[in-house]
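Thanks for making time this morning.

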Amino acid sequence: MVISDSARLLFVHVQKTGGSTIHNRLTEVLPDARQVKGVDRHGTLGQILRAEPELSTYWTFGIVRNPWARMLSWFRMVERFRDSEQDGERRLDRKNQFIRSVAETCPDFEAFIMKGLDEFSRLQTPQWRYLATKTRRADMIGRQESLEADLRAVQARFDIPWEPLKSVNIDRTRPDYKAGPELGGRDTRYRSEYTDEMARRVEAAFARDVTAFGYEF
């Protein structure tokens, strides 16, 4: 998350939607950028407002992503973590303890989808839950597929400096790396990674996202 009290702005960071890139940029351009103490940086809107109810009056936005592409991106992060562990890089923070557990339980993408979604509740939290409560919904819900255009709208609203994005969470060594789709634009390369059963499992797990945001496989 990123909060600016002077701008009365709240960014809610949904995992694997380009949020780290947005977080870093907002932190650079907003001098008073901060987070809520005691709430995870990927805290939901509900968690944030319970900690600081006064933030309910701030203009709030977040980004969502096609659930099938998002799950593949999450697994790629697990793969990178596993590779770094094998190379001798030891990380002990809480986030990486979770990723280590996922990596040990899910040796491949099929296991990640068919087993991991059942065993790790954090993986199956729908994106809508990050951005809405019973009484409050984010003022703008952008899409990773149109990230640059949506962020230009935020820039225009708050008159803050901006530059073209460069994602911080892309593995540029992968043979299928292309800058465009990762930073906005329809990308269906994820489809080849799914069996029909896996695709149906994601659709069932994220039915609310599919319905709320109109995503399809």
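Predicted model: local features only at pLDDT ≥ 70, side-chain atom pairs only at ≥ 80, totals over all residues.

I3 stands opposite L10 in β2, and the strands that hold these residues, β1 (residues 2-4) and β2, run antiparallel and are joined by 3 bridges. Strands here are DSSP runs of E of at least two residues, and helices are runs of H or I of at least four, numbered from the N terminus, while two strands pair if DSSP finds at least two bridges between them.

Residues are numbered from 1 along each chain as its sequence is written, and side-chain values use heavy atoms, with hydrogens and water left out.

The hairpin of β1 and β2 has 4 residues between its strands, and in it R8 takes a positive phi near 55°. With strand β3 (residues 59-64), β2 pairs in the parallel sense over 4 bridges, and there F11 stands opposite F61.

Is β2 buried or exposed on its two faces? L9 and F11 on one side, and L10 and V12 on the other, are all buried, where buried means under 20% relative accessible area, exposed over 50% and partly exposed in between, with a 1.4 Å probe and protein chains only.

Turning to helix α1 (residues 19-29), 8 of its 11 residues are buried, so the helix is largely enclosed by the rest of the structure; among the buried ones are I22, L26 and V29.
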